[in-house]
Amino acid sequence: MSTTAANHMTVAESEACSPEGILQLGLGFWASKTLLSAVELGLFTELASGPLDGEALQKRLGLHRRGARDFLDALVALGMLEREGDIYRNTPATDRYLDRGKPTYVGGMLAVAATRIYANWALLTEALRTGKPQNGTEDDEDLFDMLYSNPDDLVMFAQAMTGGSLQAAEALARRFPWTDYRTFIDIGTAEGRVPVEIASAHPHLTGGGYDLPPMRPVFEAYAERRGLADRLRFHPGDFLKEPLPPADVLVMGHILHDWNLEVKRTLLAKAYAALPKRGALIVHDQIIDDERRQNAAGLLMSLNMLVNTRGGFDYTRANGIGWMREAGFTDVRFEHLAGPHSMIVGIK
């Protein structure tokens, strides 16, 4: 629209063409960082034991008086807290998902966002210009080698994967015909949220998780806490260098998108080789719609792969189905799981 045309808009047309949405999106990091700081401070865990007034919260969280009230009330306005008078409490959602003491906690992903991803995304423009990750790794250094070499980073990464997998894991436990199978292994399992959800829902199953050896104590501790150490076993290995372990069902969640197309195809071929006849591979990610117009979360996740990995990218439904068929899988089907998450299932 030309400047002249814009100057002759009616009032109704001007209101319909408001800049509000543009400004809200552009400044969306204000709201995001407010929530991330609340998680980092342990605010929702503090309130999980009961409501508190503003002054008590300020003291318990170690907040300066100047910003405390605005911080808490901003969270009320954003729908993350409830308030009556000066008494603050969690919402049902933040109580369930942001209390560190609950098994439904998803704040691990937000904690990593606050300490690592947020800073990397500040360099998105540089990543778009260069195609290089902005995560602090050297040219010859792999992101996962860096994360797995530091015990604190390893635990934080594992907890982030647990938080990011909750929706998909719960839906996957319900949607797949697990009664037709006896064993399963989750590839790139991290802490083990996916196998724990599946095994909890289906007592006849045995299985476990496959990941790099340093993840073993993290996985085993989580399985023990969830009462599943007798049915879930850790399988150590490097899927870039070794064959995958055999099972009736293999699961790859948030794995393919970490890698370039060559590695994606290699991993699918390894899964096909490890499965028995009529065995199943489940791939789940924030799979992008084929028109690339609707699943904004999937497209933004692909940009996250740009910022954080050397070749990773997310993919469309048609991409994933095509790659699985190329690997030899038949009866390939796509199914939505929850939120932006979907799965593609292939049968050998």
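Analyst: We can go from the whole chain to its sheet, and then to some single residues.

Analyst: Please keep in mind that this is a predicted model.

User: OK, how many helices and strands does the chain have?

Analyst: The chain has 17 helices and 10 strands, and its C-alpha trace spans about 65 × 55 × 40 Å along the principal axes.

User: What does the radius of gyration say about the chain?

Analyst: A compact globule with 348 residues would have a radius of gyration near 20 Å, and the chain has 22 Å, which agrees. Of the 348 residues, 47% count as buried. If you take the contacts between residues at least 6 apart in sequence, 68% of them join residues at least 24 apart.

User: Now the sheet. What is the order of its strands?

Analyst: The order is β6-β5-β4-β7-β8-β10-β9, in an open sheet of seven strands with mixed pairing. At the edges stand β6 (232-236) and β9 (330-338), and each has a single partner strand, so one side of each is left without a neighbour in the sheet. On average, neighbouring strands of this sheet are turned by 20 degrees against each other, with direction ignored.

User: And which strands does β4 pair with?

Analyst: Strand β4 (residues 183-187) is joined to β7 (residues 249-253) by four bridges, and these two strands run parallel. β4 also pairs in the parallel sense with β5 (residues 206-211), this time over five bridges.

User: Which residues face each other there?

Analyst: Towards β7, isoleucine 187 has methionine 252 as its bridge partner, and towards β5, aspartate 186 stands opposite glycine 209.

User: Is β4 mostly covered or mostly open?

Analyst: It is mostly covered, since four of the five residues of β4 are buried.

User: Which helices lie across the sheet strands?

Analyst: Among them is helix α15 (residues 261-274), which lies across β7 and β8 (280-285) and runs at about 160 degrees to β7. Another is helix α17 (residues 317-326), which lies across β8, β9 and β10 (341-347) and runs at about 20 degrees to β10.

User: Changing topic: how many salt bridges are there?

Analyst: The count comes to 18 salt bridges. In general, side chains of opposite charge can pair when their charged atoms come close.

User: What about aspartate 99, buried or exposed?

Analyst: Aspartate 99 counts as buried, at 8% relative accessibility, because buried means under 20%. It forms a salt bridge with lysine 102, and the closest N and O atoms are 2.7 Å apart. Lysine 102 is partly exposed, with a relative accessible area of 27%.

User: And glutamate 84, which residue does it meet?

Analyst: Its side chain meets that of arginine 89 in a salt bridge (3.4 Å, N to O). Glutamate 84 counts as exposed at 55% relative accessibility, whereas arginine 89 is partly exposed with a relative accessible area of 26%.

User: Which residue is buried yet has no salt bridge?

Analyst: Arginine 231 is such a residue, and the nearest side chain of opposite charge, aspartate 230, is 5.6 Å away. Arginine 231 is found in the loop between α14 (216-225) and β6.

User: What does arginine 231 touch?

Analyst: Not counting residues up to four places away in sequence, arginine 231 touches Ala199, His202, Pro203, His204, Leu205, Thr206 and Gly207.

User: Last one: where is leucine 98?

Analyst: Leucine 98 has its place in the loop between α8 (92-97) and α9 (107-121), and at 8% relative accessibility it counts as buried. Leaving aside neighbours within four places in sequence, its contacts include Leu35, Val39, Phe44 and Leu110. Leucine 98 and leucine 43 are 55 residues apart in sequence, and their C-alpha atoms are 8.8 Å apart in space.

Conventions: Residues numbered from 1 in each chain as written. Predicted model: local features only at pLDDT ≥ 70, side-chain atom pairs only at ≥ 80, totals over all residues. Heavy atoms only, no water. Pairing = 2+ DSSP bridges. Axes fitted to C-alpha atoms, helices over the stretch in contact; angles between N-to-C directions. Contact = heavy atoms within 4.5 Å. Buried < 20%, exposed > 50% of the residue type's maximum accessible area, 1.4 Å probe, protein only. Lys, Arg positive; Asp, Glu negative; His and termini not counted. Salt bridge = Lys/Arg side-chain N within 4 Å of Asp/Glu carboxyl O. Rg over C-alpha atoms; globule rule 2.2 N^0.38 Å.
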